[in-house]
Each structure stands twice: as C-alpha cells, then as structure tokens.
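I opened my notebook to look up a few local features, one entry at a time. Here is what I wrote down.

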Amino acid sequence: MGSINVKCLMLVLLCQLLCFAISFDGAVGVRINNKDQLMRWSSTVSQQAPAAASAIAPVAPAPGSATGGTCKNRVEIFGYPCEEHTVTTDDGYILSIQRIPNGQYSGSNTGGNKTPVLLQHGLMMDGITWLLNSPDESLGYILADNGYDVWIANSRGTIYSLGHTSLSAADPEYWNWSWDELTAYDLPATFEYVYNQTGQQQLHYVGHSLGTLIALTALCQGNLLNMLKSAALLGPIAYMDQVNSPLARSAADSFIADAIYWLGLDQFDPNGEAVHNFLTKLCKEPSLVNCFDLMTSFTGPNCCLNSSAVEVFLDHEPQSTATKNMVHLSQMIRRGTVTEYDYDDALENMKHYGQSSPPAYNISSIPSDVPLFFGYGGQDKLADVKDVEHLLQSIQPHDDDKLTLHYLADYSHADLVMAVNAKQALYDPILAFFNLHS
C-alpha cells in the first residue's frame, strides 16, 4: 500500500459507503440528532449547496460492448471462457451477469452438468469483487478451475446493470430502492435465471457483506430454498448495532445519509463532483479523519492486501448505489434491528406495509437444515464479531452437520475478497464445504 499515491488514496476513500456522509458532516459543521433538525438543516444546505442535490447518472454500457465489460476486461485476458448475460427483474431492472463455464484454457464454452455457483458482491462494488487478484488468488477463477460453473451477479445501479424497461438511470425514480428490493427482486431473478440456464440444477451461493444480508433475508422468508444447495456468507451482515467503524458509526448516528436523501440526491455517486469537493475539504481536517488510512478506519485493519489488487480495484470501483439504500443501512446501525425500510412516518409505513412500523425480517426462521458457511474476521469493523455472534445465536438451533464457522483472527472486511492468501485461508475451506454439500 505504501506505493499508492495520494490520488489513489482519495479513490480508496471514495469507495467507502459512508465517507460521503461523513464529508457532509465535516463540510457543514453540524451534527444531526433528530428528524426535525434534519429537515431544517437539509433545507438550509439545499439552498447553500445546490450542486450536492443533483447527480448525473452514467449511461449504461451494454455488457460485452465496445466499451468493454467484465468478460473482456477481466476474464478473457487470463484465458478463461466467459459469457455476458442479462436478466430482467419483476420491477423492470436489467441486470448484467457473467458466466465462466470452465477453467483456464479449457477450450470449451459450456458448463455441461457442472454444479453452478452464484457469486454476489457487496455494497458499492460489482462482480469484479471476485476477480480482483490473479487467477490463483481470486475466488471466481479458483471455482472455475475446480470444475464449477461460475456465475457472477451485478446488482442494480452498478455500471453494467443500469438498464431498465421504462426508466433511465437519470430518473430519480430509478434510484428509489434499498436492499429490500435486492432481496425481493434482484436475488430471486438472478437465482431463477441461473437455475433455468443450467438445467434446473441447485446452486451454491457465495455472498460478501451486503450480499450476505440479502441472502439471509430471502432465506428467512422461505425464498430460494428449492434452488439452493448451500450458502457461503463472508463478512456476514444482519445485526449491525455493534459496528465498530468510526466512520460508519458516526455517519449513522448523525443521520447524515438521511440528510443527503432529503437534499434530493437519490443516486449516491461516489465519483461525482459533489463528493470530490466535500472529500477535499474533509481531508484538510486532520483531527476528523486520517485520509491516508481511511480503508483501515472504515473496514478495520486488513492484513493481507497488496498494491496490485488495490490498483485493479481502483480501475473498476467504486460503484453507485441508491441513497435510500444508505439510509436503510444507517437505520440498522442505529437500531440494531433487521427490518424493511422505515419511512419514519406512520402513515407512509401504513401505505407501504399496512402497519405503522416496518415489518421485521425473522432471521430465526431460516430452516435449520440449510447448509451455511460463515467466514468472518476478527479485525472486521463492519461485520463486527459481536454482531456475527448475535446472528449465529439467532439461527440456533441449526443442524450441526449443516453449519460451518470459519473464523480468521487477522482478517478484516476487504481481506475476505482481496487477501493474497485467501485461497489457503478461506477459499479452500469453502471448496471443502461445497464438496460436503454437493
């Protein structure tokens, strides 16, 4: 990491979910502690900083087009076959999916009867998550080389999943979603597509961070079960009240994401001009945050990243998400609950849910015979060990032979998908888990 220049460090800073929120706090110099104050503050700021209240949505390139795509940019260059697919959700979002049907230099472009594995990235990331390191260090390639039919998901809002049947990504309504919609629409649509494309074979699933939350909430509602062989959950997110990241905690407690949403910034674009301006001001306040150590401040001290992986990361990430999604996650950090999005208005909640408060996801209702692998790190400030333990308690009793816990004392959040030693430390155990539940 020492060789990365200040510009790269700024980009690392941009990739973090709530850095923009913290920058609002630093730039404006206030702390938001309740909804009334939030409304007054957001009204003032919207007059003073109109540039922050709008975002220019990128035009979605077609997967595999001349602009490149994941297959061309990151898979085929290493000699792997790769296919670009799209799937349309029930609410009209057109998602990009990549398929690596065989291992390196296999010479065949079909997965045959191989067992499919679906890989789901986390927040502010896309499918490149699973391909950041060299082929012998990245899970996507490793699975293909070990005989799996690999499918890589890309959630709505990411660069190759900006399509919609009736909306443009420039429309505010396009960004009117949180992870509730990823649970209800994106994940089921992707599962069903892969399931049907592979001759209705059950899937193994790997999720990281937010990719674990949407799987857990889908499973607790009884969804996906008929299509699922097993699920490996890395940096599992559900209960978040013990989040130990100073940045995420401060932003959530200060209602900063809520303020951004009130300002009308429906798309959270971490590469936009408004973000850059606020971050520049933020980094001039050394007492607030050390911009040279922001990844550690946000995720925890990652033990095993190298500069080459970070450079690939910076070439492709961070990705946009919905500001409403950020608000939803902030609600979870403040309250320690796993519920649907709270509109903070009894009438609005009644309109959407038929009750004055948002319905809870009953994590304890996940069937005890679903094979689950939990991979988590002792240094992770986002998927804090105490929160993971709360999650594990909530799914008990679970069949002993269906539950695998894999704790890595020196790992933090990014290590789980970017560490150079992850093959031996984490991915080989995942392969053993899959083999056990084939």
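I looked up Pro397 and found it in the loop between helix H15 (385-394) and strand E11 (403-408). Helices here are DSSP runs of H or I with at least four residues, strands are E runs of at least two, and both are numbered from the N terminus. A cis peptide bond joins Gln396 to Pro397, with omega at about 0°.

A note on the source: this is a predicted model, where local features need pLDDT of at least 70, side-chain atom pairs count only at pLDDT 80 or more, and totals for chains, interfaces and linings use all residues. Residues are numbered from 1 along each chain as its sequence is written, and side-chain values use heavy atoms, with hydrogens and water left out.

Next I turned to another loop. Met124 is not a glycine, yet its phi is positive, about 65°. I placed Met124 in the loop between strand E3 (116-120) and helix H5 (139-145).

Then I checked salt bridges (a side-chain nitrogen of Lys or Arg within 4 Å of a carboxyl oxygen of Asp or Glu). My search of the whole structure gave 9 of them. In one, the side chains of Asp149 and Arg99 meet at 2.8 Å, N to O. Asp149 belongs to strand E4 (residues 149-153) and Arg99 to strand E2 (residues 93-100), so this pair ties together parts that are 50 residues apart in sequence.

How do helices H8 and H13 pack? I noted an angle of about 95° between H8 (residues 246-253) and H13 (residues 323-335), with their axes 9 Å apart. The axes are lines fitted to C-alpha atoms, for helices over the stretch in contact, and angles run from 0 to 180 degrees between N-to-C directions. That makes H8 roughly perpendicular to H13 (the word covers 65 to 115 degrees). For contacts (heavy atoms within 4.5 Å), I listed Ala248, Arg249, Ala252 and Asp253 in H8, which meet Ser330, Ile333 and Arg334 in H13.

Last, I looked for cavities. On a 1 Å grid over the protein atoms alone, a cavity is a set of points where a 1.4 Å probe fits but cannot get out, and lining residues have an atom within 4 Å of a point. I found 4 cavities of 30 Å³ or more. Of its 18 lining residues, His121, Gly122, Ser155, Leu182 and Leu210 are the closest to its centre. Helix H7 (residues 210-220) gives the largest share of that lining, 3 residues.

Note on methods:
Parallel < 35°, antiparallel > 145°, perpendicular 65-115°, else oblique. 1 Å grid on protein atoms, 1.4 Å probe; cavity = no way out; pocket = protein on both sides within 12 Å on 5 of 7 lines; lining within 4 Å. Points joined across faces, edges and corners; volume = space filled by probe spheres on them.
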